[in-house]
Amino acid sequence: MRSPLIRRLAALSMVLAAIVTPAAAPAPARAAGYETIGGDGSSWSQGAMTQWLSDVANTMNMTVNYPGNGSTMGRQLYAAGGVDFAVSEIPYGVKDNGAADVPPTASHPFKYLPIVAGGTAFMYHLDSGGKRITNLRLDDTTLVKIFTGGLAYWDAPEIKAENPAIALPHKQIVPVVRSDGSGTTAQLTTWFDTEPALSGMWAAFCQAHGRALDGGKCGTTSFYPTASGFQSLSGSIGVSGYVASDPGEGAITYVEYSYAHNKHFPVAKVLNKSGYYIAPDALNVAVALTSVQIDDQLLQHLQGVYESRDARAYPLSSYSYMIVPTSTKSPFTADKGHTLGDFVQYFLCQGQQHVDKLGYSPLPYNLVASGLNVAKSIPGANVTTTPSSCANPTVAADGGNKLAEIAPQPAACDKQGASQCGPEGAAPAGGASGGSTGGASGGSGTTTGTAAGSTGGTGGKAAGGTTAGSTGGSKSGAASGGAGTTGGTTGAAAGGTGGTTGGTTGGAVGGTGGTAGGSGADPDTGAAVDSGGSTGGTGGGSQPVADPMVIGSGISGGFQTALMVLAVVLLLLMIAVPPILARRLARGPDRGDS
């Protein structure tokens, strides 16, 4: 018989071999039931779509193809039977320069289904004195003048009047517009066309550049008029990429907020009807869209959003829509409908949980419920999700919108007038205390410092959303806010401790805040960062959000490190054990063997 030592070594070798040898991974549930589907359309929504496509590929083994070539292209391809679904910010039938794309109700019947909300933002690239300007404010009249060529330089009197705390450079303004058919263009031009104070300037610009007027108005257009001195580029990636480039200094474009957010570039705060300059973050969009009117096709009518008197509302807030088939006319089949139905259930519920970190705003309860009902019209779809079982972060027990309920009031320095909030991360003009940033589960925070000489307000609670003091600076990404001391608010979720002077950053789990903010410059924006704000936390704080075009899933850092250490130990044992075992076998049986 072999000695106990030999038996133990042999057993250990077999165990190590079993651990090190990779086992075949089980196939994801329902993998065999998903046929590949494809769609096209909105680049405004592409950041969210890309994330969702990655999610379902990794967790459900579902393949959904979506290049995002623009809303107009998506609608045209769907009508021609070239894709299974489309995504668009505007519906079929809108007259554009005297023509309208006819709804394919006979050849390819469809319904509209809301997918995500967001703000059309004004991303810009402007430096002064070697530092990037990050706190620009613009009202609607100034914006229409910029995008109709009515203002030539950034230090124009209209812009200086709105920005008393900024030393604006004498730099040429370069409007960057879309060259392709774009839902984002349609959203912007709808605003220009329907607002009484803007429509005259927009109509004159259209007429001067070859567009026919209808009743004295230019109307909504997906194709921006070509104008001298403008840069015309294709796609949201194209226009945002130009603004973010070195040659893009002096440029400004309109784009869904996610593109600026993920490039770490500033967007202008836009004046709302309550007299506050507001940024297009998730909470301000959610507040604005409480004023939207939805018709029986689930289409949005945004006049109430533009005119909202809520101080927190961002004026250019809207939804994007998926055009889904209601018949099995080619190329659609019931098997594809099964895939599309499950994809819809995913993005209406779980998929909405983190869209704020991508620069969007989750859909509210009423549109989630309506979207699930529409999904039942897709042939082959098996819709089992109910609004009450949906993991959408906006759904409140009373049917209200959680995000709109917790959205903070704007800072006093965001009020139209002689005062102006400072750059993000720095004290406002004349102020003493800084703001704070925080994050739940490492979410990103964005703050604006407190007004001159004021103390920090108190934090509220937000499920991955935004909290802020009513008097102190506003912030996003905090999980559960506490009371501020001097400057900013605290927002730790579990065990996070705040600083004493200046703003603090709340950690997600066990994060710690700093004591006093140091001076320096923001590496992304170039904005000055003074002692008003400090970042903290080993476990939380602000984290960069992945570019929406390159999003993947990975193993968390701590778990990955542990696996690497275990692999090294096992490898060493596998190298060391066989020689020892071989030598022991060569020596023959122990004396005690019988």
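Reader: In what sense do strand β13 and β14 pair, and over how many bridges?

Author: Keep in mind that this is a predicted model. Strand β13 covers residues 269-271, and one of its residues, Val 270, has Ile 278 in β14 as its bridge partner. The pairing of β13 with β14 is antiparallel, over two bridges.

Reader: Which strands stand at the edges of that open sheet, and why is one side of each left without a neighbour?

Author: The sheet has three strands with mixed pairing, in the order β9-β13-β14. Each edge strand has a single partner strand, so one of its sides has no neighbour in the sheet. The edge strands are β9 (137-138) and β14 (277-278).

Reader: OK, on to strand β3. Which of its residues are buried on each side?

Author: Strand β3 spans residues 85-88, and both of its faces are covered. Buried here means under 20% relative accessible area.

Reader: Which residue stands opposite Val 87, and in which strand?

Author: β3 has pairings to sort out here. Strand β1 (residues 37-41) runs parallel to β3, joined by three bridges, with Asp 40 opposite Ala 86. Strand β17 (residues 317-325) runs antiparallel to β3, also through three bridges. The residue opposite Val 87 in β17 is Met 322.

Reader: Which residues have the most contacts inside the largest nonpolar core?

Author: That core has 116 residues, and its largest share, 10 residues, comes from strand β6 (residues 110-124). Take Met 322: leaving aside neighbours within four places in sequence, its contacts include Phe 85, Val 87, Tyr 112, Leu 340 and Phe 343. The residues with the most contacts inside the core are Phe 122, Met 322 and Phe 343.

Reader: At what angle do helix α2 and helix α12 pack, and how far apart are their axes?

Author: Helix α2 is residues 46-60 and helix α12 is residues 334-348. α2 passes α12 in a right-handed crossing. Their angle is about 115°, and the axes are 11 Å apart.

Reader: How many nonpolar, polar and charged residues are in the contact of α2 with α12?

Author: From α2 come Met 49, Trp 52, Leu 53, Asp 55, Val 56 and Met 60, and they meet Asp 342, Phe 343, Tyr 346 and Phe 347 in α12. By class, that makes eight nonpolar, no polar and two charged residues.

Definitions and conventions
Residues numbered from 1 in each chain as written. Predicted model: local features only at pLDDT ≥ 70, side-chain atom pairs only at ≥ 80, totals over all residues. Heavy atoms only, no water. Core = buried A, V, L, I, M, F, W, Y, C linked by side-chain atoms within 4.5 Å. Buried < 20%, exposed > 50% of the residue type's maximum accessible area, 1.4 Å probe, protein only. Helix = DSSP H or I, 4+ residues; strand = E, 2+ residues; numbered from the N terminus. Contact = heavy atoms within 4.5 Å. Pairing = 2+ DSSP bridges. Axes fitted to C-alpha atoms, helices over the stretch in contact; angles between N-to-C directions. Left-handed = near helix turned anticlockwise from the far one by under 90°. Nonpolar A, V, L, I, M, F, W, Y, C, P; charged D, E, K, R; others polar.
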